[in-house]
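Dear colleague,

I am passing on the structure we talked about, together with a short account of what came out of looking through it. Please read the notes below alongside the sequence and the coordinates.

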Amino acid sequence: MARKKEKTVFFCKECGHESTKWLGQCPGCGQWNTFVEEVIKNDTNLSGEISSDLPKTRPTKLKDVNYDEFSRTSTKMEELDRVLGGGIVKNSLILLGGDPGIGKSTLLLQVCKNLANQDKKVLYVSGEESLQQIKMRAERLGDFSKDMYLYCETDLSDVSREIINNSPDFVVIDSIQTMYNANVTASLGSVSQIRESTGILMRLAKEVGTTIVIVGHVTKEGTVAGPRVLEHMVDTVLYFEGDRYASYRVLRSVKNRFGSTNEVGVFEMNEDGLRQVNNPSEYMLSGRPENATGSIASCSMEGSRPILLEVQALICETSFQIPQRTANGIDLKRVNLLMAVLEKRARVKMSFCDAYVNIAGGLKIKEPAIDLGIALAMYSSFKNIPIDEKLVAFGEIGLSGEVRMVNMAEQRVLEAKKLGFEKVILPETSANSLKKISGIKIIGVKDVSEAIKAL
Ligand code: TYD
Ligand code: MG
């Protein structure tokens, strides 16, 4: 009798890169020591078993496709709806990733509440908490006027059967790492387990016609695979970020088949759950020190929305052999580059200094439009000159020190005006294209030296 073939594969638990042998550094994501060994049994799988339970679909003519199926349901949380591209879409699979304790379960339970109150059939599957724990949390979140179902189960075949039999409108799987699939030999939370489970949930979402949200913990150590492994398998990927010790949380979309990415939603954790922050600029700027050096307001576009934020820099003479550089909320390489540009193009000699740059409020900014803010904050700290609190600066800085045009300058200026700023320093090319906006002084600059003079 032929023995069943078992295959050993190594997976990167960060990004899911597969290899036949163990590797020290992952060629996929560049991380070290992330490979774990898993045994794959290729003969049976649960998908096959479930297939017989699923209703069969048939090819459809293009003109017969009903557009209503793409209809969206509002979660009654504007910030979340916007990140999703206008509400949850039927038949879709959404992945919500984030560090443990950041508030994923809380957010989803609030969504469940809002959907249940709109007469939707909601099923919350938890492999992490008991019914009593969930009930306790639900009681903090306020009024569940209509009911919803809770299900504490980790066996995916039972969960699948419940979904098929009851066809709920909205399902939460909290978390994918606790779901167990008996036909996959690999251990709980391993790459092959969570991938197989996600594959099954994807089929269920499409064929039963429900929206499924899966929670994925971002893990730093251990053999549990992280949500990045699943990103390519799902329709929408959201990450919930923020400082555990501060109350604000940022929800970011990094992939969305039904909307634009890079939208953010801002929330605040309170004793009665997450509250939306409708004016994030005000929130990000709250608690700005007065008359401090090395602090300036800048503006970044997050999706379609301008967000004003405070850039802080601390430049001081180093007491180390090699100057220290730290960046929080932006790429450290960007800081190094801007220091080099200031040094060479504006003759600000600070290469012997330590530099610490921080985006207050904890947002992570990728947009180069805050370059000018960073450069001016560093200059202010280096020269010990405070910057006018009613001034905003934004613009991308090029290697020759030129301040380059940024998009949507008008929205940024209007946002600054709305919040009571009086002056704005921005790229000359953007300033020229601006229609006359009254009530705020617009200063266009060509390069960093001009911007420094304008201070
Ligand atoms: P939780 O949703 O359990 O996080 P996750 O599912 O991402 O692991 O959130 C847990 C934290 O949120 C915990 O530290 C308690 C806090 N919290 C509040 O501050 N207010 C609340 O109303 C709730 C329900 C939780
Ligand atoms: Mg949780």
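**Backbone, surface and interior**

Asn33 counts as exposed, because its relative accessibility is 56% and the cut-off for that class is over 50%. Please keep in mind throughout that this is a predicted model. Asn33 sits in the loop that runs between strand S2 (18-19) and strand S3 (35-41), and although it is not a glycine, it has a positive phi of about 55°. Most residues other than glycine have a negative phi, and most peptide bonds are trans.

Arg347, which is not a glycine either, also has a positive phi of about 55°; its place is in the loop between H8 and strand S18 (353-359), and at 65% relative accessibility it counts as exposed. Together with Lys344, Arg345 and Lys349, Arg347 forms a positive surface patch.

A cis peptide bond, with omega at about -5°, joins Asp174 and Ser175, and Ser175 is found in the loop between strand S9 (170-174) and helix H6 (191-209).

Gly97, in strand S6 (residues 93-98), is by contrast buried, with a relative accessible area of 0%. Leaving aside neighbours within four places in sequence, Gly97 is in contact with Lys104, Gly216, Pro227, Leu238, Tyr239 and Phe240.

How values were computed. Residues numbered from 1 in each chain as written. Chains lettered and ligands numbered in written order. Predicted model: local features only at pLDDT ≥ 70, side-chain atom pairs only at ≥ 80, totals over all residues. Heavy atoms only, no water. Patch = residues over 30% accessible without salt bridge, like charges linked within 9 Å, V, L, I, M, F, W, Y side chains within 5 Å. Areas by Shrake-Rupley, 256 points an atom, 1.4 Å probe, with all protein chains shown as cover. Salt bridge = Lys/Arg side-chain N within 4 Å of Asp/Glu carboxyl O. Lys, Arg positive; Asp, Glu negative; His and termini not counted. Charge placed at Lys NZ, Arg CZ, Asp CG, Glu CD. Helix = DSSP H or I, 4+ residues; strand = E, 2+ residues; numbered from the N terminus. Buried < 20%, exposed > 50% of the residue type's maximum accessible area, 1.4 Å probe, protein only. Contact = heavy atoms within 4.5 Å.
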